Every structure is written in C-alpha cells, then in structure tokens.
Amino acid sequence: MANQGEGMYSWQGSLYSIFDGKVIRDLSFIFEGTDDGAFFYFTETTGGINLVFKNSTNAYYINQSALNTVLEITDVDYPSVTVPGVAYLDGYMFVMTPNGEIHNSDTADAFTSWNSLGFIQANIEPDCGVFIFKQFNYICALGKYSIEFFYDAGLPAPGSPLAPVPNLFNLIGCASARSFARNGPQVFFMGQTKHVGRSIQLLEGYQLKNISNPYIERILNKDNLETVYAFCIRTVGHSFYILTLVNSNLTLCYDATSGIWYEWTSFNGTNEVYFNAVAYAAHLGHDLLQGETDANIYDMKPTLYQDNGQPIYVRSRTELLDVGENKRKELSFIDVIADKEASSTLQIKYTVNDYQSFTAFRNVDLSLERSSLNRCGQFRRIAFESLHTSNTPFRAEALELDILPGSS
Amino acid sequence: MPRIRLPFGHPPTYRDPNRIKDARIMNAFLEQEYEQGETHFIKRPGIQIYDGSGGPSNLCADTDGEQSPGVLGTYSLASEIDNSGWISWFTTDQLTPEFPLPESTYEHSIVFDSVNNWWRCDTWKTGVGHLTTGWRFKNLGVLNGLATGIRAHIYAYPYPPAGNDLEFRFYKDPVGPDILSEIHVEVNNGPGPTIEGIPTNSYNVLIFPIKDLSPPPTLPPLYVENNDFLRIVSFGLFSVPLGGVCFVTSIEIYIP
C-alpha cells in the first residue's frame, strides 16, 4: 500500500520512521530497504550504540557514529524469513523463524554475526512461531497456540545460550502478530487457543489475564484479521491499548487504567473511519503516532480538540432505560450536566423503539447556565445518543432526566 | 417521579451484526472523580501533524526583513514520499556550506534561517578583479545507485538590486571538470514568495536523469554507482559579477 506506515522509533534524539521500506530520519530520507510489506521492529544494542530494525526478510542497523547511514545485516546465517518481533538480551539479538526456531547473534554485541547452530526450538507445543519479544529477563516465543519462555542459561557457543523455563509455559497463543503491543511491563496481544474464539490477553509479569469481555470477543471473532494494527499510548493519566481491525473498520481502545473498552475513530473529511494510526513512539516529550498511509507523523496532545483540523466525533449511546417499569412515562426535561464551555454544543437524540429509529438531533448549548432540552415526549423504554464535535474541551457527568408518570 | 441521573454512555456492547443496538462510547474515556466518585465522560486528546521539535518549521515568506514565526504542524513526510519520486535528501539545516569558495574575491554571507528553514546566500561587490564568487554545499552524500535524479530548489531575486542572475551547478566531487550539470539548467517554476518586499522566482536546478557530463567522454545516463571514484555530489551557487541573493530551500533526489 502506498506510503504504508511500517513503524517508527526514537533514538539518539532523532525520530526514525519507515514508510514503504523507506527510512526517514526526522524529515529526511536516508535509505530505502527491502519492503516486504511487513512492519519493522526495533531494538538497540548495549549502551544504545546501535539501532537495529527488521522486518520479515531483512535486518538493518545504524551506528551512533553515522546517524544517516543504514547498513544491512548480511551474514548468510541470519534467517531468511523471520516472524515479527526482535529481542535483545545480554548482548545477544534474538529473532524467531516461522517454525519456532529462536536464532541468536554472536555475543558481545556482535549482532551482525550469526552462526547456523545458534538457535533453540520452541517445541513444548508443536505450533508455529508468531511473535518474539522480551519480558523482564526472559525471551518469549509466542506461538499460534502457546507461549514459551526462555532464559539466558549461559550455554556455550556455537549453540544457543538459552534454555526453556517449562513452568511458565501456557496454552494461549497469538491470533495476529500485529495485535502485539507493549506498555512497559504490560504486554497485550490477541490470544487464541485451539478452541474457536479470540480474546485480548494482558501479560503482566508472567501471568496472562483475559481483558476482553463477551462483546469485544464477538467483534474480534467477526474480523478476518487480514490487516490489524496495535500500539499502546499513555496520555492524560490513562494507559490505552489501541487495536484497529481494518476489515471491521473499527478501532477498539482498552483503558488499562480503568479496565473499560471504548471505540476511537478518525473523521477523514467524508466519513468516520477507524483511527488513523499504526505505530507509536515517545519522542522528545511528544506522543507521536504514525499515520496509516498519509505519510504523516502526528502529535497527540490533551490540549487539542480536533484531529488535524477535522472534528472528533465524540459519541455516547446509552443502554435502554425503563425506570423499573414498562408503563408509559413522560420526559419533560433533559439536563446535560457538563463543563461550561463557550462555543460548545452537544447534540442529543433518543430512541423509544429499541434502537430501530432515533429522533433527529437537538442541540444543547453547553455555554448556558442551564443546558437542557424540554418537551421530549413519552416513552416506555428509552436510550440516548449524544454527539459532540465542537473544537472545545468536553467533559460531561450525566444526563439528568425529569420524568413524570404517564398513562399505562 | 424523581429525577434520574443517567450514566453518560456505556462501553461497546456487540448485540447484533449491524451493531445498531449497541451502547457505545466513542472517542472518549471515563474517569472517576477524585472526591465525589462521580464518573466523568471525557473527550479523548486530539492530534495534529508533528511540528518537528516543538518550534516553527514551516517554510514561510519573510516579507519584512524580520524573522516571522512559521506555521506549526508541518511534520508531514508526504512530500518526501508522495510517490512522485522526489524526496528530500537532507533537510536544509543538515547542509554544511563551504564558504567562501577558494576562487572567490567577493564579499559573502551565507546564513541558515531556522525560522524559514532556508539558507540565505548573499554576495556583493567590494572591488574589482574577480570572475566568479559563490558558495557551495559540499559532499552532500553518496548517491551510489540510490537515485537517478537530483535537484535543488531555490528562491532567487530574478534581478537583484545590485547583482545579476545567479548560476547553479551540481558537481561530482572533487570539484573540477566533473560537473554534473550544465550551467543554467534551472527550471523556472514561476513566482515565488515575496521576500523582504522583493518578488522572487522559484527555481529547480535539475539533473534528471543523472548523467556524467564530464569531458571526455560524455557517458549515457549514468547511475553514478558505475563511476568508481566520483560518487559524492556538491551543489554550488555562483554570481557573475555583481552579486545577488538567493534562498536554498531543499535538495532532493529522485528515486523511481
């Protein structure tokens, strides 16, 4: 895909971003590598001296002495095909092949030097390798139906220095490598077992925790996972795991701070679509996001109330409300309990027929002393939908309803 | 009947394939108020194109001789990889000028304008006995098969108040007979911005495809990598003979 964002990383004060295999340092093109359409994963070597990044077929590096010079790891023993992910531990660089072999570079940061015997097989479960990463001081091989941990046992070359940690093995695998995202010690990925059904797994420490609910899992199960993006971002005091399912035109957002799921969207000038970001990097105090195909780097800030000049469609849709009885009730007033903001409007509509149809939106001016709607009709069960698109902050607490008993 | 305070939204509930019966919270998050325990529904942060380092970085006309602020939000790489093939080789602030040229006898000034993100190149006459004068951005880098074209973009006063047209050349280093471009291969793109009250023209100094013009012989389109010693490119600006002003805004290469 043209201008496909394929990862970015902040290193040595510069932002390295990759689009279509083209490496951009800050604002300058510096290198065009092999673009196999796969995402790039980054790691550093001891002291941050080298930045190493790889996709499925090629691995490259930059030394701090020449920040514009990209070199390729050309050792013939470097695996020709690897799964997503790369991990660094104790001077070794580790990658994994699709058949679950964990290959390591030579030690002492000789990451450009590999030998054909330097690997260990993740074979407690006979599944395929999907993703490799590091958790604390363990190398984790995430397979299709399992996760296996390895530690640096100091085993001599030319074999692998790793040995398995059998008691940490788990029979939950990864349904999509691109669903993997990390926020410090927290690791998120879309899990699967040999039973039908996907979930979102949070690896905290060495324990897996299912954080998806039945509603989220129905969404996961419906998607074909052809194109998936995921990253974590910590902003406004919340830690978010952002998962985009392109086929479903949906971005799910898990708030790890509160344990609640939301949806995020972008407005592209015509339609509301999935959130336009594929990767995250913290860079010089900025939360930077890489656009999917627009070749942009975006800065996310709590003081921005639009997305690059386009409105943010802030929506809420409630569950059905019947106030404990199915009798007809009269809704005389809806008061919006929200922060007062000039030039801020909230639109409200409601449904009284189980979401089959809604009324037209009615505007509520949030700058007024009383922001309310009156004469809202009768209902047995009612649900509300609100929409805020103003270029202003928006914080609401409640809809306060004035309800009078009606006829039966 | 009492008033009812309603939770202002609900996490997504996937109840039917069309999701028309779903409760939803979109582009917002919930947060518990510290003291009273009320739950607030808060708009998520917005995004803008990153401005590079937090300061102005956009190209803007300096019409009054004073540096004016640029426009925030310009960290778009679209122009670099817009599939036209032309991408920025270096940003202007990464260029290092060589100044003055050894053969120069004129007065010079070359200053990087970090607000407008261009090099301001001045030269003016103080005496006689010269032929050419100018500046050079030397050793721009190794092309080595990376590109099949190179160009520089310049704003220049078409008829400077005290000078002539400027001339621009690309070199293969070492400077000498290995001039990549011929003099005056500029492509005039028409009017540029008005700078310090003076209208400019916008030029591309273009070599496309890269050819070895060094005599003799003139080789057919040469993707510089075939040349075993001259792979480094310099860009020079010359004034004959009365001085001039120009503003170098970018040097780009073409990758097919």
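Residues are numbered from 1 along each chain as its sequence is written, and chains are lettered from A and ligands numbered from 1 in the order in which they are written. Because the model is predicted, local features need pLDDT of at least 70, side-chain atom pairs count only at pLDDT 80 or more, and totals for chains, interfaces and linings use all residues, while side-chain values use heavy atoms, with hydrogens and water left out.

**View 1. The interface of chain B and chain A.** Chain B contributes 60 residues and chain A 88 residues to the contact, where contact means heavy atoms within 4.5 Å. The size of an interface is often given as the accessible area lost when the parts come together. Here the buried area is about 7200 Å², with carbon and sulfur atoms giving 58%; buried area is the accessible area (1.4 Å probe) lost by two parts on being put together, summed over both. The rule finds six salt bridges across the interface, a salt bridge being a side-chain nitrogen of Lys or Arg within 4 Å of a carboxyl oxygen of Asp or Glu. The side chains of A:D307 and B:R44 form a salt bridge, with N to O at 2.6 Å.

**View 2. The side of chain B that touches chain A, and a strand pairing between the chains.** On the side of chain B that touches chain A, β4(B) gives the most, with five residues. By class, this side has 33 nonpolar, 13 polar and 14 charged residues; Ala, Val, Leu, Ile, Met, Phe, Trp, Tyr, Cys and Pro count as nonpolar, Asp, Glu, Lys and Arg as charged, and the others, Gly among them, as polar. Strand β38 of chain A (residues 395–405) pairs with β1(B) in the antiparallel sense over three bridges, and B:L6 in β1(B) is the bridge partner of A:L399. Strands (E, at least two residues) and helices (H or I, at least four) are DSSP runs numbered from the N terminus, and two strands pair if DSSP finds at least two bridges between them. Chain B as a whole has zero helices and 16 strands.

**View 3. A:N55 in a loop of chain A.** A:N55 lies between β6 (50–54) and β7 (59–63) of chain A. With a relative accessible area of 1%, A:N55 is buried; buried means under 20% relative accessible area, exposed over 50%, and partly exposed in between (1.4 Å probe, protein chains only). The side chain of A:N55 reaches the backbone nitrogen of A:T57 at 3.1 Å, and a polar atom of that side chain lies 2.8 Å from the backbone nitrogen of A:N58. Leaving aside neighbours within four places in sequence, the residues in contact with A:N55 include A:T34, A:D36 and A:F40. The C-alpha atoms of A:N55 and A:F40 are separated by 4.6 Å, although the two are 15 residues apart along the chain.

**View 4. A:S146 and its side-chain contact.** The loop between β14 (138–143) and β15 (147–152) of chain A holds A:S146, which is buried at 3% relative accessibility. Its side chain makes a polar contact of 2.9 Å with the side chain of A:D127.

**View 5. Backbone features in loops of chain A.** A cis peptide bond, with omega of about 10°, joins A:A157 and A:P158; A:P158 is in the loop between β15 and β16 (162–164). A:V236, a residue other than glycine, has a positive phi near 45° and is partly exposed at 31% relative accessibility. A:N249 likewise has a positive phi, of about 50°, and lies in the loop between β22 and β23 (250–255).

View 6. Five bridges join β2(A) to the antiparallel β1(A) (residues 5–11), and A:S17 is the bridge partner of A:M8. On β3(A), the bridge partner of A:S17 is A:I24. In the hairpin of β2(A) and β3(A), with two residues between the strands, A:D20 has a positive phi of about 55°.

Methods. A polar contact is a pair of N or O atoms within 3.5 Å; within protein, one must be able to donate a hydrogen and the other to accept it, and residues adjacent in sequence count only if both atoms are side-chain atoms.
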